[in-house]
Amino acid sequence: MSANHFIHQSAFHTKTLNLSPNSTKLLLSKFAHPLSTTQITPKQCSLRAVLSQNNPSTTITSQPKIDNFKHCFTKSEDGYLYCEGLKVQDIVDTVEKRPFYLYSKPQITRNFESYREALEGLTSIIGYAVKANNNLKILEHLRKLGCGAVLVSGNELKLALSAGFDPTRCIFNGNGKLLEDLVLAAQTGVFVNVDSEFDLDNIVAAARIAGKIVKVLLRINPDVDPQVHPYVATGNKNSKFGIRNEKLQWFLDAVKAHPNELKLVGAHCHLGSTITKVDIFRDAAVLMVNYIDQIRDQGFEIDYLNIGGGLGIDYYHSGAILPTPRDLIDTVRKLVLSRDLNLIIEPGRSLIANTCCLLNRVTGVKTNGTKNFIVIDGSMAELIRPSLYGAYQHIEMVSPAPADAEILTFDVVGPVCESADFLGKDRELPTPERGAGLVVHDAGAYCMSMASTYNLKMRPPEYWIEEDGVVAKIRHGETFEDHMRYFTGL
């Protein structure tokens, strides 16, 4: 489906230009506002403006049934990396000469459809975890597909509303929600998770200020070990998130004491992230439906079970058979149906991570005698997961190396003044030439959303490949002038 089919207003301004390679950057800059679209052809560049559309009633429903999570970035026999039929090297040669993120819009759709198909037969909300990637264009697309939104800050709530999400399909999470943000949540009618005693007090106060009854879910900590990195584990007893299951009765009594402010409609848990064993979700769901039974026994009308998100992906590109959305949903399906519950799930990483790569250029190759380094223009400022978590993300060259290129073991590092500035360690790669393209895979989740301007490396632009093969800019790269603007008029 082309972009023209779902952007209903007159949102495009198209020019077809014969460009020399040196003129591409200048022309992209000239047409940078509104967001420009670049059609990659051998010697042409079609620039098209894409405007944000905020009609929440627009839903794409005619997608074909698809298999699950097949990677959209693939190496061809010619040694070049392709995405959705386009040679990535052609895109690298055409866009601005800096690191940039490149997404596949069709892959985002395919990932969403995997969840929608897995949920057939259940009443459900697919709540996209906005913290994974907060690009407005991506949010608008997911909303049109039928997604709800999971929010962890007031600004994420404002962004979801700006993207046209239905508030009744949004969930506001977080262990330190601010009163002013909770007032907005109460006014707009989103679900709110109760995370602590003081959080409940703030929700009650927000309800009174807004003059609304807030629909709440109790975020219960089930103390289930998700068997993941401790930084992304959220459902064990040492986590800062959720209420202790031993205090469930206290919270039920507190909700009963505020009938004009709170309506308890569900229970919620979130175990962690990068989970690769779906029986962990089943174990948690068994505990949660037992809690729901206890809550219902006290007269509460509980309609929702929120099992969170956290499904992992194949970051190693090892061909490992990992659980699919259907595997996840099938582990909890009978439990949900047995209690006549609406199921809420909160995918973030598994919806967006494998749809994107960070594209970099090689600045040079060096050795310190014991270590070999490929130095690139990207860094921990653009993609911090390896530095923060020791996370692995697959790295490869965009184009075939020269036939005589020596294969060595490299650390792939950036220019930031930190020893922690690496994108990958001990990677076997052909020795690249200066200026060669290098890609960090599976960068759609928790990469751009965690990017910074450390060392004044400005946040990069983002592009996606649309259904019709057009490459569209979906976020401008930040500039030094953007930074200086914060200091004007002081």
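**A first walk through the model**

1. Strands β17 (residues 356-367) and β22 run antiparallel to each other and pair over four bridges. In this pairing, Leu-358 sits opposite Val-440 of β22. Please keep in mind while reading that this is a predicted model.

2. β22 has another partner to look at. Strand β19 (residues 395-397) also pairs with β22 in the antiparallel sense, here over three bridges. Val-440 turns up again in this pairing, with Ile-395 standing opposite.

3. Are the residues on the two faces of β22 buried or exposed? The strand covers residues 437-440, and both of its faces are covered. Gly-437 and Val-439 lie on one side, Leu-438 and Val-440 on the other, and all of them are buried.

4. Now for a position with an annotation. In an unreviewed entry, UniProt lists Lys-131 under "modified residue: N6-(pyridoxal phosphate)lysine". In the model, Lys-131 is found in the loop between β8 (124-129) and α5 (136-145). Its relative accessibility is 42%, so Lys-131 counts as partly exposed, which means between the cut-offs of 20% and 50%.

5. Which residues does Lys-131 touch, leaving aside those up to four places away in sequence? They are Val-152, Glu-156, Tyr-446 and Ser-449.

6. Follow the chain on from that loop and you reach α5. Asn-135 caps the N-terminal end of this helix, with a side-chain oxygen 2.8 Å from the backbone nitrogen of Lys-137. After the helix comes Gly-146, whose phi is positive, near 120°.

7. Why is α5 described as largely enclosed by the rest of the structure? The reason is that nine of its 10 residues are buried.

8. Finally, the whole chain. Its secondary structure comes to 14 helices and 24 strands, and 56% of its 490 residues count as buried. Among contacts with a separation of 6 or more, 73% are between residues 24 or more positions apart. The accessible surface is about 20,900 Å², and carbon and sulfur atoms account for 51% of that area.

Conventions:
Residues are numbered from 1 along each chain as its sequence is written. This is a predicted model: local features need pLDDT of at least 70, side-chain atom pairs count only at pLDDT 80 or more; totals for chains, interfaces and linings use all residues. Side-chain values use heavy atoms; hydrogens and water are left out. Buried means under 20% relative accessible area, exposed over 50%, partly exposed in between (1.4 Å probe, protein chains only). Two strands pair if DSSP finds at least two bridges between them. UniProt positions are given in the numbering used here, feature names are shortened, and annotations may be inferred rather than shown by experiment. Contact means heavy atoms within 4.5 Å. Accessible areas come from the Shrake-Rupley method with a 1.4 Å probe; for residues, only the protein chains shown count as cover. A polar contact is a pair of N or O atoms within 3.5 Å; within protein, one must be able to donate a hydrogen and the other to accept it, and residues adjacent in sequence count only if both atoms are side-chain atoms.
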